[in-house]
Amino acid sequence: MSATILPLTQLPAWQALEAHYQKIKNVHLRQFFADDPQRGTRFTIEDVGFYFDYSKNRITEETIRLLLGLADESGLRERIDAMFSGKKINTTENRAVLHVALRAPRDQSIIVDGANVVPRVHEVLDRMATFADRVRSGQWLGHTGKRIRNIINIGIGGSDLGPVMTYEALRHYSQRDMTFRFISNVDGTDFVEATHDLNAEETLFIVASKTFTTLETMTNARTARQWTLQTLGEEQAVARHFVAVSTNGEEVAKFGIDIANMFGFWDWVGGRYSMDSAIGLSTMLAIGPENFRSMLAGFRGMDEHFRTAPFARNLPVLMGLLSVWYSNFFESQTVAILPYDQYLKRFPAYLQQLAMESNGKHVTLDGKRVDYQTGPIFWGEPGTNGQHSFYQLIHQGTRLIPCDFIGFCQTANPLGSHHDILMANLFAQTEALAFGKTADEVRSEATLEKLVAHRVFEGNRPTNTILAEQLTPETLGRLVALYEHSVFTQGAIWQIDSFDQWGVELGKVLAMKILPELNQVEEPELLHDSSTNTLIRHYKSFKLHQT
């Protein structure tokens, strides 16, 4: 944190927001709209291929003015400039944060440690494209001469969530004579179900692990190697059925993969920001290099918007500031992501890692304990499925849950009136959440008095609505970058490091300590707490009786 920036809660803009919140916290959205007939058009932005309606938020023009002041006082502009210029803003790991370089044009220069990283990015992208074209066209053959028809990506975290989400989102653009599957969980069931109906002669595995030592990924990779060799027999078959996304050439070669088929990325790319790097090799195999480049163009368009647009008209900045507004003043704890497109069924899960691994932090950049909430919980499901499960709680529960609704004016699969019904539900839900239904309105429907309270909808539930023309590779790139930069904005306001993830380490370390204790015949001295010791003994006792 810059020495010139006060602790967050001491900033004048923060204190002004606290006073402002007290004035408007009980004002209903019905009142806001009644007082301003133009509200539904004034609180909107149309840019970068999106129509963004934030009018159904519990805000006034004064709220936005104060939030923008908070962004200025928090040094958001300086943080944005520092990220795009390659400065090492991931301070706890002394790393640059340059996922924006992954989609930079060839002629751009971004310097890290004295070297322009953009040519290296495009060298990898070009190699990926050449490989993808060979596999997709049938030129790349398996060990027995058969064409590759099945692609299985083995990874975990960002090496899985991004590829899975992107494949599902862009399935309409995928090569339909090929099968794409993803293995992440170290639970053997994940591997068995992904491979049970496949022919090893026609299957190519992508092993995605930067260090090629990740426990879950390498456990699954070794099992995949055994599965392949059970059918193909000869060790040299590995080189025709495995490629790597890694930087550890020695371990990749030891595994049996030709390092010519190793695609690298860099320590300035965090896992949850890597879907448009070599981690996206499965995506490129599915949708082809041209569509992959269109996706990168979408990312790049949103990057430039975030970097250059005035904050008052800047989509990621406004979304991030609104999240701060609800998290820290209304004390909401979650955000619901509600895409009204079945192709985006894995998008909420993808955003869970992006947002919660980034901003789930309890200390500031200078190591001081925060005294405010950070990192709301992200969750959601596609519409209209969610309407028949958890929307009840959003409408009539006691928790305030801000919601992002995402919809498209045109569907990839026109089928009768399906899309109109889908979009009618999206618009209806944002209206119902905002305005609800009063007791008098319920009574006017001849409702029995004893049921009136049960049928009242309080409303005043805030929503953003994001509309685009159609879900295309370019649109998806813009959408992901929108949330990437919104998360960045929140982290900058909260004065935290959004790019490390030390919280995932402790469980890994303890798991490696416990693993040998589960397999020793003679019980070692267990030095855990009494609960963990007992659980280990119970598990080992069950295993013993099974044998």
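Q: Where does Asn460 lie?
A: Asn460 lies in the loop between helix H19 (449-455) and strand S13. Helices (H or I, at least four residues) and strands (E, at least two) are DSSP runs, numbered from the N terminus. This is a predicted model, where local features need pLDDT of at least 70 and side-chain atom pairs count only at pLDDT 80 or more, while totals for chains, interfaces and linings use all residues. Residues are numbered from 1 along each chain as its sequence is written, and side-chain values use heavy atoms, with hydrogens and water left out.

Q: What's the phi of Asn460?
A: Near 65 degrees, a positive value in a residue other than glycine. Most residues other than glycine have a negative phi, and most peptide bonds are trans.

Q: Is Asn460 buried or exposed?
A: Asn460 is buried, with a relative accessible area of 9%. Buried means under 20% relative accessible area, exposed over 50%, partly exposed in between (1.4 Å probe, protein chains only).

Q: Which residue has a positive phi of about 60 degrees?
A: That's Phe212, which is not a glycine either. Phe212 sits in the loop between S7 and H9 and is buried, at 3% relative accessible area.

Q: And where is the peptide bond that is cis?
A: From Gly383 to Thr384, with omega near 10 degrees. Thr384 is in the loop between S11 and H16.

Q: OK, sheets. How many of the six residues of S10 are buried?
A: Six of the six residues of strand S10 (residues 334-339) are buried, so the rest of the structure largely encloses that strand.

Q: Which residues of S10 point one way, and which the other way?
A: Thr334, Ala336 and Leu338 point one way, Val335, Ile337 and Pro339 the other. In a regular strand the side chains alternate between the two faces of the sheet.

Q: How many bridges join S10 to S11?
A: Three, and S10 and strand S11 (residues 377-379) run parallel. Strands pair if DSSP finds at least two bridges between them. Val335 stands opposite Phe378 in S11. Between the two strands, the chain goes from S10 through helix H15 (residues 347-359) to S11, and this β-α-β crossover is right-handed. Right-handed means that, with the strands pointing away from the viewer, the path from the first strand over the helix to the second runs clockwise.

Q: What about S10 and S12, how many bridges there?
A: Four bridges join S10 to strand S12 (residues 403-408), again with the two running parallel. The bridge partner of Ala336 in S12 is Cys403.

Q: Next, what's the strand order in the open sheet of five strands?
A: S6-S5-S7-S8-S9, with parallel pairing. Strand S6 (179-183) and strand S9 (262-263) stand at the edges with a single partner strand each, so one side of each has no neighbour in the sheet.

Q: Switching to rings. How many aromatic pairs are there?
A: The structure holds 29. Rings of Phe, Tyr and Trp (its six-membered ring) pair if their centres lie within 6.5 Å; planes under 30 degrees apart count as stacked, over 60 as edge-to-face and the rest as tilted. Phe205 and Phe242 are a stacked pair, 5.0 Å centre to centre with 20 degrees between the planes. Phe205 is in strand S7 (residues 203-208) and Phe242 in strand S8 (residues 242-245), so this pair ties together parts 37 residues apart in sequence. Both Phe205 and Phe242 are buried.

Q: What are the ring distance and plane angle for Trp379 and Phe390?
A: Their centres are 4.7 Å apart and their planes at 70 degrees, so the pair is edge-to-face. Phe390 is buried, at 16% relative accessible area.

Q: What volume does the largest cavity have?
A: About 150 Å³. Of the 18 residues lining the largest cavity, Met319, Ser323, Val335, Asp404 and Asn464 are the closest to its centre.

Note on methods: On a 1 Å grid over the protein atoms alone, a cavity is a set of points where a 1.4 Å probe fits but cannot get out, and a pocket is an open set with protein on both sides within 12 Å along at least five of seven lines; lining residues have an atom within 4 Å of a point. Grid points are joined across faces, edges and corners, and a volume is the space filled by probe spheres set on the points.
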